[in-house]
Structure formats: C-alpha cells, structure tokens
Protein chains: 2
Amino acid sequence: MARLAGVSTATVSRAISTPSVVSEATREAVFDAVRRTGYQINLTARNLRRRRTGAIVVMVPDLGNPFFSRILAGIEHVAAPAGFSVLIVDTKQPHAEEGQLFTYLHNTRADGLISLDGSLPRALLERLDGSNGLPPIVFACEWMAGGLFSKVVIDNAAGAAMAVRHLHGHGHRRIGHVLGPQGNVLTSARLKGTRAALEDLDLRIVPEWFFDGDFSLQSGAEAARAWLALQERPTAVFCASDQMACGFISELSMEGYSVPQDVSVVGFDDIDIARRFIPSLTTIHQPRNDIGAEAAKLLIERIGNGKAAAPAVEEVLPVELVARESSGPAEPF
Amino acid sequence: MARLAGVSTATVSRAISTPSVVSEATREAVFDAVRRTGYQINLTARNLRRRRTGAIVVMVPDLGNPFFSRILAGIEHVAAPAGFSVLIVDTKQPHAEEGQLFTYLHNTRADGLISLDGSLPRALLERLDGSNGLPPIVFACEWMAGGLFSKVVIDNAAGAAMAVRHLHGHGHRRIGHVLGPQGNVLTSARLKGTRAALEDLDLRIVPEWFFDGDFSLQSGAEAARAWLALQERPTAVFCASDQMACGFISELSMEGYSVPQDVSVVGFDDIDIARRFIPSLTTIHQPRNDIGAEAAKLLIERIGNGKAAAPAVEEVLPVELVARESSGPAEPF
DNA sequence: AGCTAACATGTAATCGATTACAAAGCGCAG
DNA sequence: CTGCGCTTTGTAATCGATTACATGTTAGCT
C-alpha cells in the first residue's frame, strides 16, 4: 500500500484519517492507490491502537417483541452514521448468564451500552462501587432505580393518567387496569399514574379490577377471563400494553363480547398493529424511534467526552393519546 | 498481570487460551491472578492477532418489521454461545449506501454475514468475480438468484399452494392473491405457487384478482379497496403476508364487510398477532426462530472451515397451514 | 544572507494478545 | 555418562494501524 503510493505508512495513515495534514499531491496519490487496490482499513488494528471498539451494545429483554424492534431501528439510525456498530444481546436467552454478558461490555467489546431491559448484569453492577472504569451506560424505556444512570424515558404516569381521563371523559366511572409484570418499573409507574388519576377523579379503586399481566398477548387474554368472572365489572379497562389490549379484546370477542360496546379498552405503546386491529386501538403513543435515537445520541456523546465527568441525565419524551375505536361512551344506566 | 503471577506474558496467554499446555501449578497461579485483578482479555488485540473479529453481521431489510425480530432472536440464540457477537445493519436506512455497508463486511468488522434482505451491497458483489476473499455469506428467508450462496429458506411455493388448496377445500372457486413487493423473490415464489395451485385445481386466473402489495399493513388495506371496487369479487383472498392480511381485513371491516362471511382470507408468516387478530388469521406458519438459528449455524460452520472449500448449501425448512377463523366455507350459490 | 515558523513526511514506538522458535529441565535408555 | 525426546517456559516477532518525535523543506521576514 505505502509502497504503491510511494510514501511511508505513516503518511498513508494520515491521508486517510486526517486528510488535512497531508499535501494535496500526496493525498491524491494515496487515494489513488487505495482505489486501485481496493484497500480496506483494518478496524481491529485501528481500534486496538485507539483503544476503542467502535461498537455499542444494546441489551434487549426480548428480541421477539415488536415493541423493541423500532427502538433498535432508532438506535441504529443514529449509531451507524456516527461510525458505531450496533451489537445486540437478548438478555432473556439462557446463555445470558452473568459472566457471558459481562464479557460483552468490558470495554474490549463495546464502547458503551444501552439497556432496554431495566437491569444490568450483576457482575457489572459489582464493578460500580469500585468506580472501576465502566463504559458509559444509558437506559431507554425501562431503567433502574437510583438515578445513577442516564436514561431516555417517557412519562409513564402521565400517559396512564391520560388514558384514565379519556375513559372518564367518555362517562366511564368503573375503570379497571391490566398491569405489566411485577417488579417492573413501567408497571409501577403506569399503575401509579392510574391510581392517581382515579383518585383525582373521585373514582372507585377496586382491587379486583386490577388484573395481573406481563405485557404479553397471552396475559391480556387471561385478564379478559378474569374480567368475565367478575360479579361487578368495570365498564372500561386500561391495559398497560397494546399487546395485552389485543389479547384482552380478542379473548372477549371469542366469548361473544364486543369492544367498545361491552367494555372500552385503552392500550399503551401504539404498536403498528394498533391502528389496524379490530376495533382499532385507543392507546398512548410512544415515540419509539425517537427513544432509540435519543438514547444512542446521548450514549455517543458520552463516549466522546471523558465519560467520568458527565452527570446522569434524564430525558423525558412526550406521549400522547390516540383516540380510536376501542374506547367509546359508557352505557348510560 | 504476568508479573503478578510470576510468569511471562506468553505463559499467561497460554494458560488462558490453551490451558492444557501449561503445568498445573502455573495454570493455578495465572487463574488466581486473573481472579484477583479482575482481568478481562482485550478482544481487539486477540482478534488482531488471530485475524478474525468474532462478530457476524446481519443485514435486516426493516428492523421495524416484527417478522424479522424473531429470526434475529434465533440467530442470536446460536451465535452468542458460539462466541460470536451479532451486529445488525438496517439496510433500508439512508446511511446504508454502497460504501458504508461494504465497510461493515470486509472481514475487518465481521467474520461472516447473514442477509435477511435478498440482496447484497453492490460493492460486495463486484468483489465476487475477483474471487477476492469474501467472508462467508448465508441468506435467510430471502435470497439472490444464481445459487451462488448458501441459504436457509422455506418452501414458499408449497406454502402458497397449501393456502390455495385450503380455500378450495372450503368450496371457494374464485380466489385472489395479494402480492408482495415487485422484484422480490418471495413475491414471485409465492405467486408461482399460487398460480400453479390454481391451475392444478382448474380454477380461474383473473388478472384483476391479483393485487399489488408490499407486505405492509397499509398495502393490505389498499388491496382491500381494490377488492371493494371490483365488479366480480373473489370469495377468498390469499395474502402473501400476515401484515397484509390484517390490513386487508381491517379495511374491509371499516367498510362494513366481515371476514370470513363476506370473504375468506389466508395470510403468510404466522406472526404473533395472527392468532389474536379478530378474526384470528388462517395462515402459513414459518419456523422463524429455526430459520435464524439454522442460518447462524450454517454460517458459523463455514467460518470454522476454510471458507473457500464449501459449496453452496440450500436448506429448506417446512411450513404448515394453521387453520383459524379468517377462512370459512364459501357461500353456496 | 540568516533565521524562524510552518508545513510535510519519515522513523520507530505503541496498542495487547498470540505464537514461532529457542532454551531449559527432566527422565530414561543405551 | 551421554544423548534423545518430551514438557514447560521465556524471548521476541507479529498482527495493522496510529502517533510522538525527529527531520527535512520551503516561505517569509529582517
């Protein structure tokens, strides 16, 4: 390579990574040689020397879940132009044991980490107190208690409150809620928002109207069965995810009930299928692409700086209610 | 590190990567030092020396599409335990221009490539004839004409035929088809299967009953509008993707038509929502996880071998029809 | 002319692991 | 006791780019 262009390897390197410092003529000679040989820089070598990897890891709780794919797309959208590769890890996979995951991070594999799962491998956490050079970490969607890390989230409580107020606005006075998985931060934030709004509106809070769930289609269907079994049923139900809302409506429909005639349903997320479900889903829209993009932007910024200095940032993106067909007026009675 | 264990760096390296060649005592000493210092190997350096990267790239046509996420999950499931990182690239992103993508591959970033998109960046293809060390490549789902590359696919034509036969079995004699995007290999394979089955069953092939589409919800809805506009309508429609089937049914439902009473619909893919859609979707089930897993297995095998030697392999995974509610008996008349 | 500053380029060290090769230690057979 | 072979370990070269430092060149100024 260097020989072909008639210069030293140092000059080649400079022509490629700092074109401004070499003379016009040399630059051309080098570029020409590059073109002729089809030379491709060896990133491994560059990264070794620069002490970085040019990759960021994204920990995804469940790759099969369509909710996350758009966020990933947002991340990729920002990371790729910035010269970072996106490495994905499915944390729900069995291999994802302590050690394994840890390996993924220790700066040797990636320069930073975005967690969509609200957790970190234990091994990583233990490193924390050692103030031992952890790579920059940003949480998106979910997060960990403690305010230690930067995060990009939405106002879950506000979203939940919007859902409840919407139903109240339609005349509903008995409102139920299908929860996400126990122990999840989103679950509790949305639950909190729901309860707060219910209290605010002087509506009844009935324990039986709070159904267990885990964000999945299946759990929505199970909630529907619980709803069916009730003596006194809420006339509207706010589900903490669209998937559960779909499962809920689907199960009811199999039992001959219809939405919104028999019960109004509001979801959360506004996944793609929401507007095409039958009935189309009233839901709380999250800017999924933006969440990913913001998280990536934040992370890359941190990687650029001396990571240590930066204090944790919290970015809250707006949500909005999208009224569709699954919610309607309460039966007057 | 080496100092702490009282041995040379060479011995440390051996203890870690080839434990069998060092003596019991030394090995223990090294492992002990590793434990005490929390030493993590620098993969960049190792990869530089070994002339590999330990990563595979997956080119995804559209990360936002839920169909692909499960395939990705399958890939990750196999790749991670084998010590490979999974790098994703969204080929539909604007940045994904020729050069950019190329950079991703040239062995410096990844040891191999899985393409879910049925294409390769042009720059890569040009390399082909040069027999210039291309990394191993495996196609999954979609593929490129020419049999040059290994691929893991399903029998699309057979799937389409199953769908048509199923509808025929329910008494339908006028059957339509919503196509995928033009120029796509899946589109043509499914179309071919559809036509073959129609001919086989002595059913009419009416050009107006073949609707354009692109696998998306939106295009399914548009096909529904086209169906509505027809003078003579098919009594059953086979959609080349579940998303289109959902869009189709959704649009009809808004216009007051219902499925399967007014028209039977069969989809393709069996995405998660299919069984919870209303009506639940009769569809051709693809083993999405397995497709990803097989592709990864195949690729990793190739990476292990001297890549050159291996002839292209074609693996065809079975599909099956899942009969649900969206298809029913044709109106007798 | 003489001196300095600015620029362009080459030389060689460096990143951190791997590994070819050499050497040392040891056992065993002749 | 010598020599061959085996195991274990150390020395130093290597992977391919980057970059501190040194050197050489030219322009500009007094």
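Trainee: Which atoms of A:V21 lie 3.3 Å from a phosphate oxygen of DNA strand C?

Mentor: A backbone N or O atom of A:V21 does. That is a polar contact, meaning a pair of N or O atoms within 3.5 Å; within protein, one must be able to donate a hydrogen and the other to accept it, and residues adjacent in sequence count only if both atoms are side-chain atoms. Keep in mind that this is a predicted model, where local features need pLDDT of at least 70, side-chain atom pairs count only at pLDDT 80 or more, and totals for chains, interfaces and linings use all residues. Residues are numbered from 1 along each chain as its sequence is written, chains are lettered from A and ligands numbered from 1 in the order in which they are written, and side-chain values use heavy atoms, with hydrogens and water left out.

Trainee: Which element gives the largest share of it?

Mentor: α4(B), with five residues. In each of chains A and B, α2 (9-17) and α4 (43-50) supply at least two residues of this surface. Helices (H or I, at least four residues) and strands (E, at least two) are DSSP runs, numbered from the N terminus.

Trainee: New topic: where is the cis peptide bond at A:P279?

Mentor: The cis bond runs from A:I278 to A:P279, with omega near 0 degrees. A:P279 lies in the loop between β9 (264-269) and β10 (282-285) of chain A. In chain B, a cis peptide bond joins B:V259 and B:P260, with omega about 10 degrees. Most peptide bonds are trans, and most residues other than glycine have a negative phi.

Trainee: What is phi for A:D202 and B:D270?

Mentor: Phi of A:D202 is near 60 degrees, and B:D270 has a positive phi of about 60 degrees.

Trainee: Are they buried or exposed?

Mentor: A:D202 is exposed, at a relative accessible area of 72%, while B:D270 is buried, at 12%. Buried means under 20% relative accessible area, exposed over 50%, and partly exposed in between (1.4 Å probe, protein chains only).

Trainee: How many disulfides are there over all chains?

Mentor: Zero, in a search of the whole structure. A disulfide is a pair of cysteine sulfur atoms within 2.5 Å. For B:C239, the nearest cysteine sulfur is that of B:C246, 9.0 Å away. B:C239 is buried, at 0% relative accessibility, and B:C246 is buried, with a relative accessible area of 0%.
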